[in-house]
Amino acid sequence: MADDTKRPEDEPFEEGAPVEGAPGAGGAEQSASEPSESADAEAPAGVADAEFSAEGIEEDELTVQDILDAANREVAEPTSEHLADLKRVTAEYANYRRRTEANREVERERVTVDVVKGLIPVLDDLDRAEKHGDLTEDSAFSTIAAKLRTSVERLGVKPFGAVGEPFDPTIHEAIFQLPTADVDTETVGDVIETGYFLGSSLLRVAKVVVQVPSDG
């Protein structure tokens, strides 16, 4: 009696079909996937890219030391543009100092003028007292008058207007003209009020009697 049972060796063989137990597709796929899984385990996805980006940032980042080095190089070897800026700033500072000094001098003179203008009436009283003989030598009143006049002169105040000096209409005010045969030009014959200069500034003109040449 014939045995109808089919044995494995009796089955037809198909080319390309995987053989059980042989290194087939499944085994190859498993072997191929193993290194990939190992690599993924060692380096998670995106880590390599992140490290590359971080390195790029560190290279391009400007540090404080870079800024200090650049500043030191600029000080050691300044560019022509910075030299021009330095010259401009120096010139502006020099002009500022000149303006400041000029303004300070003007302000000082203005304050001095205000102070002296308050003292001028007192000086006029001293002049009148002297003309009337009230400032006798070595008297207490005479000593005080001398100290006051000296203090005013130290402020830069200069009195002017004296008998016998030529008449100058820019600094003298003629309150009376007196024809005189002894003079050839207009001359101060008497001083009613003394004039005062503060530096080059005219504080007050001198009021005088003018002697003019006589026709007769």
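**Figure 1. Overview of the predicted model.** This is a predicted model, in which local features need pLDDT of at least 70, side-chain atom pairs count only at pLDDT 80 or more, and totals for chains, interfaces and linings use all residues. Residues are numbered from 1 along each chain as its sequence is written, and side-chain values use heavy atoms, with hydrogens and water left out. The protein has five helices and six strands, taken as DSSP runs (helices: H or I, at least four residues; strands: E, at least two) and numbered from the N terminus. Along the sequence they follow the pattern α-α-α-α-α-β-β-β-β-β-β. Of the 216 residues, 17% count as buried; buried means under 20% relative accessible area, exposed over 50%, and partly exposed in between (1.4 Å probe, protein chains only).

Figure 2. Helix 5 covers residues 140-154 and reaches 21 Å from its first C-alpha to its last, close to the 21 Å expected at 1.5 Å a residue (the expected span is 1.5 Å times one less than the number of residues). After helix 5 comes G156, with a positive phi near 100°.

Figure 3. Two aromatic pairs are counted in the protein, where rings of Phe, Tyr and Trp (its six-membered ring) pair if their centres lie within 6.5 Å; planes under 30 degrees apart count as stacked, over 60 as edge-to-face and the rest as tilted. F160 and F197 form a tilted pair, 4.8 Å centre to centre with 35° between the planes. Because F160 lies in strand 1 (residues 157-160) and F197 in strand 4 (residues 195-198), the pair ties together parts that are 37 residues apart in sequence. F160 is buried at 12% relative accessibility, while F197 is partly exposed at 22%.

**Figure 4. Strand 6 and its partners.** Strand 6 (residues 206-213) pairs in the parallel sense with strand 2 (residues 172-180) over eight bridges; two strands pair if DSSP finds at least two bridges between them. In this pairing view, A174 stands opposite V208 in strand 6. Strand 3 (residues 187-193) runs antiparallel to strand 6, joined by five bridges. E193 stands opposite K207 in strand 6.
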